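Colleague: I would like to learn how to read cavities and helix packing in a model. Can we take one and go through it together?

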Amino acid sequence: MAYLLGVIGNPISQSKSPLMHNKWLAEEGLDGYYQAFAIELEKLEEAIVGMRALGIDGWNVTIPFKEAIMPFLDELDPAAKAIGAVNTVVRNGDKLIGRNTDGLGFVHSLLEKRSADQLNQASVLIIGAGGAAKGIYYALAQYHPEKIVVTNRTQQRAEALVCSISVPSPGFTLTIHEAQERLHEFDIIINTTSVGMIPNIKDMPLDITNISKNALAADIIYNPLETSFLHDARLNGADTLNGVGMFVHQGALAFSYWTGKHPNTEQAIKTIIQDQGGTIC
Ligand code: ATR
C-alpha cells in the first residue's frame with residue numbers, strides 16, 4: 001500500500017515539507033506521496049471529512065489550522081492536549097489522532113548542541129508566548145531544567161502560558177526589560193517569535209548585549225538562516241542554533257509516526273540550508 005501523506009495550511013505554496021517528506025519516502029524505499037493542500041478556513045471541516053473518506057494516512061497541519069482542526073479529530077496526544085494545538089494528524093484505523101511534534105522537534109534539534117544532562121542543569125529563557133512557545137515550553141519542561149522563564153511583549157500572555165500548561169517543574173515570567181537586564185543568567189535563550197523573519201530582518205525580539213559567552217542562542221526562524229538575534233549573539237561570543245533543525249526534526253517525528261521509520265535528519269538539514277541559499281561547511 002502506498003502512503004498518502006500531506007500538509008494543510010494557507011498559504012502553503014512556500015512549504016518545504018513536500019520536498020523533505022518525498023525525499024524521505026524515496027530514501028526509505030517507501031511507495032507514497034506527500035502533497036501540499038491549500039484550504040480555505042470555512043472549508044476545513046469538509047476537507048477533513050474528505051481526507052478521512054479518502055483514507056489519507058497522515059498529514060501535517062500548519063498556520064492557520066493548528067487550533068481550528070482540533071474539534072474534527074477523534075483523539076489528542078498529551079502534547080497536543082497540553083499545548084492546545086495540533087501539527088500532525090495520524091490515522092489509526094478509523095480514528096484520526098491529533099499530535100504535536102513542534103516542541104519535541106525543537107528539543108531534538110537542541111540536543112545536537114547540548115546534552116540531556118546540560119538541559120537538566122540549564123537556565124532557559126523563552127521569548128514569546130504563542131503556539132510555538134507553548135510547544136517548546138512543554139517539551140523542554142520534561143527535561144526538568146534548573147529554571148525556565150518566559151518573556152513576551154504582552155506580559156499577560158506569558159503569564160497565561162505558564163499558568164495554563166501543566167509541567168513537572170513550572171516556570172515563571174519576566175518582563176522583556178527584566179529579561180534583558182538578567183540575560184547573563186541564562187544558558188539557553190530561545191526566540192519563538194516571528195521577529196526578525198524576512199522581510200523584517202533587522203528586527204530583534206530583545207537587546208542581547210548582556211548575553212553570556214557560554215550561552216546558546218536559538219531561533220525557530222530559518223528564513224533568514226541567521227537572524228539579527230543570532231548574528232548579534234554570535235558577535236557577543238555565544239553559540240547559536242537556527243530554526244532549520246526544528247523544522248526537520250518536527251517533520252521527522254511526524255514521518256516516524258506515519259511510517260515507523262526514522263528518516264535521515266542530517267542530510268535533510270543540509271538540503272534545507274542549501275535550499276535557503278546557505279552553504280554547508
Ligand atoms: P505562533 O503560533 O507562530 O507562535 P502567535 O501565536 O501569533 O504565533 O505568537 C507570536 C509571538 O510572537 C507572540 O509571542 C507575539 O507577542 P504578543 O503576544 O505580544 O503578540 C510575538 N510577536 C509577534 N510580533 C512581534 C513584534 N513585532 N514584537 C514583539 N513580539 C512579537
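Colleague: What is the lining of the largest cavity made of, by residue class?

Modeller: Bear in mind that this is a predicted model. The lining of the largest cavity divides into five nonpolar, three polar and two charged residues.

Colleague: How is such a space found, and how many cavities of 30 Å³ or more does the structure hold?

Modeller: Rolling a probe the size of a water molecule over the atoms shows where empty space is left. Here, one cavity of 30 Å³ or more turns up. The largest cavity holds about 60 Å³ of space.

Colleague: Which residues line the largest cavity?

Modeller: Go along the chain. L19, M20, K23, W24 and E27 line the largest cavity, and so do N264, Q267, A268, T271 and I272. Two elements, α1 (17–27) and α11 (265–275), each give two or more residues to this lining.

Colleague: Which element gives the largest share of the lining?

Modeller: That is α1, with five residues.

Colleague: Let us stay with α1. At what angle do α1 and α10 pack, and how far apart are their axes?

Modeller: The angle is about 45°, and the axes of α1 and α10 lie 11 Å apart. Angles under 35 degrees would count as roughly parallel, and 65 to 115 as roughly perpendicular. The angle therefore makes α1 oblique to α10. The crossing of α1 past α10 is right-handed.

Colleague: Which residues make that contact?

Modeller: From α1 come S17, M20, H21, W24 and L25. From α10 come F247, V248, G251, A252, F255 and W258. By class, the contact of α1 with α10 has eight nonpolar residues, three polar and no charged. Note M20 and W24: they are in this contact, and they also line the largest cavity.

Colleague: Now the other helix pair. How do α4 and α10 pack?

Modeller: Helix α4 spans residues 102–110, and helix α10 spans residues 244–259. They pack at an angle of about 120°, with axes 7 Å apart. So α4 is oblique to α10. The crossing of α4 and α10 is right-handed.

Colleague: Which residues meet there?

Modeller: On the α4 side, D102, L104, G105, F106, H108 and S109 take part. They meet G245, M246, H249, Q250 and L253 in α10. The contact of α4 with α10 divides into four nonpolar, six polar and one charged.

Technical notes: Residues are numbered from 1 along each chain as its sequence is written. This is a predicted model: local features need pLDDT of at least 70, side-chain atom pairs count only at pLDDT 80 or more; totals for chains, interfaces and linings use all residues. Side-chain values use heavy atoms; hydrogens and water are left out. Axes are lines fitted to C-alpha atoms, for helices over the stretch in contact, and angles run from 0 to 180 degrees between N-to-C directions. Helices (H or I, at least four residues) and strands (E, at least two) are DSSP runs, numbered from the N terminus. Angles under 35 degrees count as roughly parallel, over 145 as roughly antiparallel, 65 to 115 as roughly perpendicular and the rest as oblique. A crossing is left-handed if the near helix is turned anticlockwise from the far one by less than a right angle, and right-handed if clockwise. Contact means heavy atoms within 4.5 Å. Ala, Val, Leu, Ile, Met, Phe, Trp, Tyr, Cys and Pro count as nonpolar, Asp, Glu, Lys and Arg as charged, and the others, Gly among them, as polar. On a 1 Å grid over the protein atoms alone, a cavity is a set of points where a 1.4 Å probe fits but cannot get out, and a pocket is an open set with protein on both sides within 12 Å along at least five of seven lines; lining residues have an atom within 4 Å of a point. Grid points are joined across faces, edges and corners, and a volume is the space filled by probe spheres set on the points.
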